[in-house]
Amino acid sequence: MNGQGKSDGGVVPQKRANKGVGAPTPAEPVEGRPSTKGNPSDRNSFRTQRRAELNQSVARIRQVAQRDKEAKFTALWHHVYSADRLREAFLGLKRRAAPGIDGVTWRDYRQDLEAKLQDLSARLQRGAYRARPVRRTYIPKADGRLRPLGVTATEDKLVQRATVEVLNAVYEADFLGFSYGFRPGRGQHDALDALSVGIQQRKVNWVLDADIRGFFDAIDHGWLVRFIEHRIADQRVIRHVKKWLHAGVLEDDEWRQEEEGTPQGGCISPLLANIYLHYVFDLWADQWRRQVARGDVILVRYADDFVVGFEHRADADRFLRELQERLARFGLELHDTKTRLIEFGRFAADRRARRGAGKPETFDFLGFTHICGRRRETGSFVVQRRTMRKRIRNKLADLKAELRRRMHHRQPEVVEWLISVLRGHYRYYGVPSNSRAITSFRFRLVGLWYRALRRRSQRTKLTWKRMVVLARALPLPRIQHPWPWERLRV
């Protein structure tokens with residue numbers, strides 16, 4: 001490969017590309033920002049130039065990965081332990097994230113940062129870096145159970161983030177278009193819009209709404225390493241991935257080794273999960289719909305949640321049966337209560353009405369309930385999305401408890417907090433056809449605020465009329481997103 005791949009990505013091609021080598025678009029130059037008054041004039045330009053060089057090195061890896069799908073990368077680790085790469089990774093971490101077992105926060109690590117980065121870079125280069133165990137904590141789930149969450153040490157976070165930046169350049173060339181979870185430039189609304197457009201424009205009559213039971217805790221380490229080795233031949237990368245997988249978990253001051261799974265909360269876990277499902281599900285499902293299915297099939301996956309649309313019921317039954325067999329080979333299984341096959345699509349309402357079966361069933365995906373609906377103007381079929389009732393109920397319960405805690409706080413502080421809550425809610429749930437749900441959410445939140453204010457004193461004179469005036473400080477509901485086909489068309 002004319003020597004360039006060896007120096008930039010350390011690539012040993014297995015075979016030459018079938019198509020001619022194109023000219024991939026290079027990374028866009030990064031434009032600097034004006035310096036804060038009093039700061040040195042050359043500092044911002046130096047950082048901008050350094051970031052551009054990092055982007056160029058990643059762009060060269062991406063070009064090789066796109067040019068040869070069979071290439072194996074043998075020299076990637078030097079991109080990770082670069083002090084500049086580690087610095088950018090550190091600056092990209094969340095400032096207020098909880099500390100790991102070392103108790104070091106982002107602000108603590110920032111003290112004498114350059115010396116720490118140089119020491120870390122040297123340890124990564126000579127193999128002296130050691131991964132720390134993950135601190136296990138739990139957060140409540142919507143169904144009342146607890147979700148295990150791993151809190152990684154700050155130094156491990158920034159090394160993992162730097163590794164992800166480099167590996168993304170390789171795997172973004174391999175991941176398929178219907179995979180949306182934890183990928184740069186893609187988000188939940190992209191997956192939601194792709195699903196809506198797919199159901200409306202393709203011949204979809206049946207929908208399989210599936211969820212993998214305890215996916216992050218069931219990932220087989222052996223299979224995961226084998227999947228990574230399909231593309232990564234740099235043993236230093238493989239060795240450090242194994243370090244993070246085998247670092248163990250610290251819970252109640254007791255350390256234990258984890259034989260399978262990746263801790264949710266680590267920077268590397270989402271990428272590892274995508275790699276695992278890319279080989280276990282994506283490639284198999286894409287081949288199945290091309291070679292086995294007799295009708296149209298659409299696929300949308302976000303992490304371990306995925307929705308598959310079918311034209312024929314026979315295809316749906318066969319896909320579900322063979323999918324269960326496929327997942328079992330790799331230690332995975334579908335969640336019994338969260339996996340359903342329902343009749344859904346443009347003809348579902350008419351067909352069910354003729355059979356006397358009632359309205360079409362609905363399904364939930366990424367916080368929205370998807371409903372077979374009609375446009376008011378034309379009467380044509382449209383997929384309507386409503387905020388899941390369970391999400392609203394749980395969110396309002398949390399807000400009620402927080403308002404009780406803030407009962408005697410200064411009202412300007414409470415108002416500022418409520419504004420941020422509503423803006424965040426509108427930003428995610430403000431999709432077309434969901435205006436009634438977000439309006440209802442605001443109204444019920446104002447009611448909770450009203451009751452919290454009245455509990456401050458037994459002699460309160462606060463009336464609902466006065467409360468309506470106070471509530472004017474809160475933002476009104478607003479649709480934040482375009483119709484799905486408008487977003488995809490752009």
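Good morning. Because the model is predicted, local features are reported at pLDDT of at least 70 and side-chain atom pairs at pLDDT 80 or more, while totals for chains, interfaces and linings use all residues. Residues are numbered from 1 along each chain as its sequence is written, and side-chain values use heavy atoms, with hydrogens and water left out.

I begin with the chain as a whole. Its secondary structure comes to 19 helices and 13 strands; these are DSSP runs numbered from the N terminus, with helices being H or I of at least four residues and strands being E of at least two. Of the 490 residues in the chain, 48% are buried. Here buried means under 20% relative accessible area, exposed means over 50%, and partly exposed lies in between, with a 1.4 Å probe and protein chains only. Contact means heavy atoms within 4.5 Å. Among contacts between residues at least 6 apart in sequence, 72% join residues at least 24 apart.

The axes of helix H15 (residues 389-405) and H16 come within 13 Å and cross at roughly 170°. Axes are lines fitted to C-alpha atoms, for helices over the stretch in contact, and angles run from 0 to 180 degrees between N-to-C directions. H15 and H16 are therefore roughly antiparallel to each other; that term covers angles over 145 degrees, with under 35 counted as roughly parallel, 65 to 115 as roughly perpendicular and the rest as oblique. On the H15 side, the contact is made by Arg391, Leu399, Glu402 and Leu403, and on the H16 side by Val414, Trp417, Leu418, Val421 and Tyr429. By class, this contact has seven nonpolar, no polar and two charged residues. Ala, Val, Leu, Ile, Met, Phe, Trp, Tyr, Cys and Pro count as nonpolar, Asp, Glu, Lys and Arg as charged, and the others, Gly among them, as polar.

H16 (residues 411-429) also packs against helix H17 (residues 435-454), where the axes come within 11 Å and cross at roughly 160°. These two helices are therefore roughly antiparallel as well. From H16, Gln411, Val414, Val415, Leu418, Leu422, His425, Tyr426 and Tyr429 meet Ile438, Phe441, Arg442, Leu445, Trp449 and Leu453 of H17. This contact divides into eleven nonpolar residues, two polar and one charged.

Next, the aromatic residues. The whole structure contains 22 aromatic pairs. Rings of Phe, Tyr and Trp (its six-membered ring) pair if their centres lie within 6.5 Å; planes under 30 degrees apart count as stacked, over 60 as edge-to-face and the rest as tilted. Trp284 and Phe319 form a tilted pair, at 5.3 Å centre to centre and 35° between the planes. What does this pair tie together? Trp284 lies in helix H12 (residues 269-291) and Phe319 in helix H13 (residues 313-329), so the pair joins parts that are 35 residues apart in sequence. Trp284 is buried, at 14% relative accessible area, and Phe319 is buried at 1%. A second pair, Tyr428 with Tyr429, is edge-to-face, with 4.8 Å between centres and 80° between planes. Both of these tyrosines are buried.

I close with individual residues. Asp112 is not a glycine, yet has a positive phi of about 55°. Asp112 sits in the loop between helix H5 (106-110) and helix H6 (113-126), and is exposed at 57% relative accessibility. Leu366, likewise not a glycine, has a positive phi of about 55°. Is Leu366 buried or exposed? Leu366 is buried, with a relative accessible area of 10%, in the loop between strand E11 (363-365) and strand E12 (368-374).

Finally, Ala162 of helix H7 (residues 154-171) is buried, with a relative accessible area of 0%. Its C-alpha atom is separated by 9.9 Å from that of Asp84, 78 residues apart along the chain. Neighbours within four places in sequence aside, Ala162 is in contact with Val80, Arg85, Leu86 and Ala89. Thank you.
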